[in-house]
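The report below considers the aromatic pairs and the nonpolar cores of one model.

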Amino acid sequence: MSGEINTTEELMDYLRKNAQEKGYYFNKDSSFVNELLKSLLINLKRYGYASCPCRLSTGNYDLDSDLICPCVYMEDDVKKYGSCFCALYISKDIFESGKLPASIPESRPKDKLFGIDYNNISAKRPSEKKWKCEICGYEHLGSEPPNSCPKCGAPKEMFKEMK
């Protein structure tokens, strides 16, 4: 998806088509939807997939695969509560009535909430290093620093390895 979608409008068209095929609607609050789409686009560019901006993403596709919009929880949440967790997708009833979607409880299993693979916890891998953004202090664990700081947007060159 990332190679073909570069704007919030393109992302909206893609997601709306997918929703309509399944009988779901976008929230009528266009400014709210636009903010969600901006965040989805950021995640699409950051990770290579549009993970839900309302949940914690890890940058690891396998750990985040249930959060790729529309997430695997969306259909059940819309059927049960009238909207998905982030309220991007709503039911026909909510759409036609003009009611605001209510807050709903988190459907993601507790063992996945913090992006930790509890079935594969091991000691820090030797290839992992700790990197610190010299602009904002964000710390990153990995063999390389991120291409840009997820907190302040600083380029990769602004990360220094911590000892």
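What follows treats the aromatic pairs, then the cores.

The model is predicted, so that local features need pLDDT of at least 70 and side-chain atom pairs count only at pLDDT 80 or more, while totals for chains, interfaces and linings use all residues. Residues are numbered from 1 along each chain as its sequence is written, and side-chain values use heavy atoms, with hydrogens and water left out.

The structure holds five aromatic pairs (ring centres of Phe, Tyr or Trp, the last by its six-membered ring, within 6.5 Å; planes under 30 degrees apart are stacked, over 60 edge-to-face, the rest tilted). Two of them are tabulated.

| Pair | Centre to centre | Angle between planes | Class |
|---|---|---|---|
| Phe26 and Tyr89 | 5.6 Å | 70 degrees | edge-to-face |
| Tyr138 and Phe159 | 6.4 Å | 90 degrees | edge-to-face |

Because Phe26 lies in strand β1 and Tyr89 in strand β2 (strands are DSSP E runs of at least two residues), their pair ties together parts 63 residues apart in sequence. Phe26 counts as buried at 5% relative accessibility, and Tyr89 is buried at 2% (buried is under 20% relative accessible area, exposed over 50%, partly exposed in between, with a 1.4 Å probe and protein chains only). Tyr138, in contrast, is partly exposed at 27%, whereas Phe159 is buried at 4%.

Tyr89 is also among the residues that touch the most other members of the largest nonpolar core, which has 24 residues (a core joins buried Ala, Val, Leu, Ile, Met, Phe, Trp, Tyr and Cys through side-chain atoms within 4.5 Å). Apart from this core lies another, of five residues, including Phe159 and Trp131.

Technical notes
Helix = DSSP H or I, 4+ residues; strand = E, 2+ residues; numbered from the N terminus.
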